[in-house]
Amino acid sequence: MFKACGMLLFIAVTAGAYAQTPAFTRQDTLRGSITEERAWWDLAYYHLDVNVNPGDSTIRGTNTIQYKVLEPGRLMQVDLQPPMRIDKVVQNGKELAFRRDGNAYFIQISEDQKKGQVNKLDVFFGGKPVVSENPPWSGGLTWKKDAQGNPFVANSNQGDGASLWWPCKDHMYDEPDSMLISVTVPKHLMDVSNGKLRGVEERNDSTKTFHWFVSNPINNYGVNISIGDFAHFSETYQGEKGELELDYYVLKENLDKAKAQFKDAPRMLQAFEHWFGPYPFYEDGFKLIEVPYLGMEHQSAVTYGNGYQNGYRGRDLSGTGWGLKFDFIIIHESGHEWFANNITYKDIADMWIHESFTNYSEGLFVDYHYGKEAGNAYVIGTRQGIKNDKPIIGQYEVNYRGSGDMYPKGGNMLHTLRQVVNNDEKWRGILRGLNRDFYHQTVTTQQIESYLSKHTGRDLSAFFDQYLRDTRIPKLEYQFAGNKLRYRWGNSVAGFHMPVKVSVNGKEKWLEPTTNWQELKGYKGKNALQVDPNFYVEAADVSLVP
Ligand SMILES: [Zn+2]
């Protein structure tokens, strides 16, 4: 009877899971896996040189791809999504043959590729890229106008891929060591991309070209063009690694508002350099750029569209009031400089590495500026957004992310881990250590999980299985029976164990529950137990259950 019930439940849950997961195609595999045609070459450098024409919403140009040969290969996969198309590929003055398979192009390399060689090719492309229907959540270009009727253009393409508008190795595991982004726009406009402005080239026609150089590895969804009739202001921040240039580009009509609102940028740096270590891209400066959508963590060029107001579009996602003390987009998107741009997932299934830590960074910002109790309240408040609908980790090798719980639930998981560590300086050392030891790297969840196990001195494998790969919230089941307190973790994965701070009859106490019942003596009469609310767990007095 019990077994049959279990089986029914299993079928129902499985059917539900399938209903939520799309059927994956060959295109998903080409996009999401390290194919043979990607694996043999390592990105060294991109020079993306594009002409952006707001008049007809087209982009045309070349991407020069410099790569190191890891293993001799002859077929190279470069991605570009229709309706954009590759017209020509040239290597050493010779045109190369290629064939298209959906969003992937397979280029036939004609010369021998010797191991260790650094080679390059030029990819000529153009077209009218997809217009984002709901930026930044759906990928594409956004073509808007400012109040004066000037073009106001930006891209956002996390998930859907940078290959929506430029040809690249559209997989996150590999990043170029540096990149030059040259953007030609109508003369009265400006382009702001990643890195530092190396120069502006006046052309004989009605355009000019902005050359932006990124001197650090950059992930492909972070590559950014932001075009408008911008006003510019700047300041210098004295940070952990010395002087950091902060540059701000906003629509002229918003200059005064921006000068007030962007005071959150140095406040962000104070808090995050304290918790996470030096800003990871001093050489490239830090920029905030106004765009016609909410915002995105483009590396060293964070885009901003939060309406010059605190909160998330004026709302407090924590419901505590603390979320209105700062501009959500400045803090959250900039937090990604450490977790997304410095430490980058190899596979979007592990997007929690970006979003859980960055969601958590909001609470640490509040903690730094308003105190630990405020930070705690903020993190706990964000639980109202948790759905526990499906696991946080998505599916590997098909470009498929997990539940949106990677934000508030992931943040609360890390907050819970801080309680387990129970030593704030040690915890801060671990957060800084992650950014030091995985500096400018792409990583897997296993690397991050192992690092946290090693440096907390605890085997956290069941902890991560519980919070990242399951939807159940562990429940501290307890009962006072006779003179004993009995307790265990229920509603959990096999082998789940985690210390938890409780108060019994008003006295603080640490328990080390596992999934097996344990007991403590000395509890006669009437007793009360409460779990420290900083732990994201449930608790139930099961005394009354027969
Ligand atoms: Zn984010």
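Along the chain, the donors of the zinc ion follow the spacing H-x3-H-x18-E. Donors here are N, O and S atoms within 2.8 Å of the metal (3.2 Å for Na, K and Ca); water is not among the atoms, so sites may look incomplete. The model is predicted: local features need pLDDT of at least 70 and side-chain atom pairs count only at pLDDT 80 or more, while totals for chains, interfaces and linings use all residues. Residues are numbered from 1 along each chain as its sequence is written, and side-chain values use heavy atoms, with hydrogens and water left out.

His-332 (NE2), His-336 (NE2) and Glu-355, through two OE entries, coordinate the zinc ion at 2.0 to 2.6 Å. Both His-332 and His-336 are buried (under 20% relative accessible area, 1.4 Å probe, protein chains only).

The largest nonpolar core has 97 residues, and Phe-262, Trp-352 and Ile-448 touch the most other members. Such a core is a set of buried Ala, Val, Leu, Ile, Met, Phe, Trp, Tyr and Cys residues joined through side-chain atoms within 4.5 Å. Apart from it lies another core, of 52 residues, among them Trp-40 and Leu-164.

Elsewhere, four strands form an open sheet in the order E9-E10-E15-E12, with antiparallel pairing. Strands are DSSP runs (E, at least two residues), numbered from the N terminus, and two of them pair if DSSP finds at least two bridges between them. Strand E9 (140–145) and strand E12 (190–192) are the edge strands, each pairing on one side only. E9 and strand E10 (residues 151–156) pair over six bridges in the antiparallel sense; Pro-151 in E10 is the bridge partner of Lys-145.

Conventions. Buried means under 20% relative accessible area, exposed over 50%, partly exposed in between (1.4 Å probe, protein chains only).
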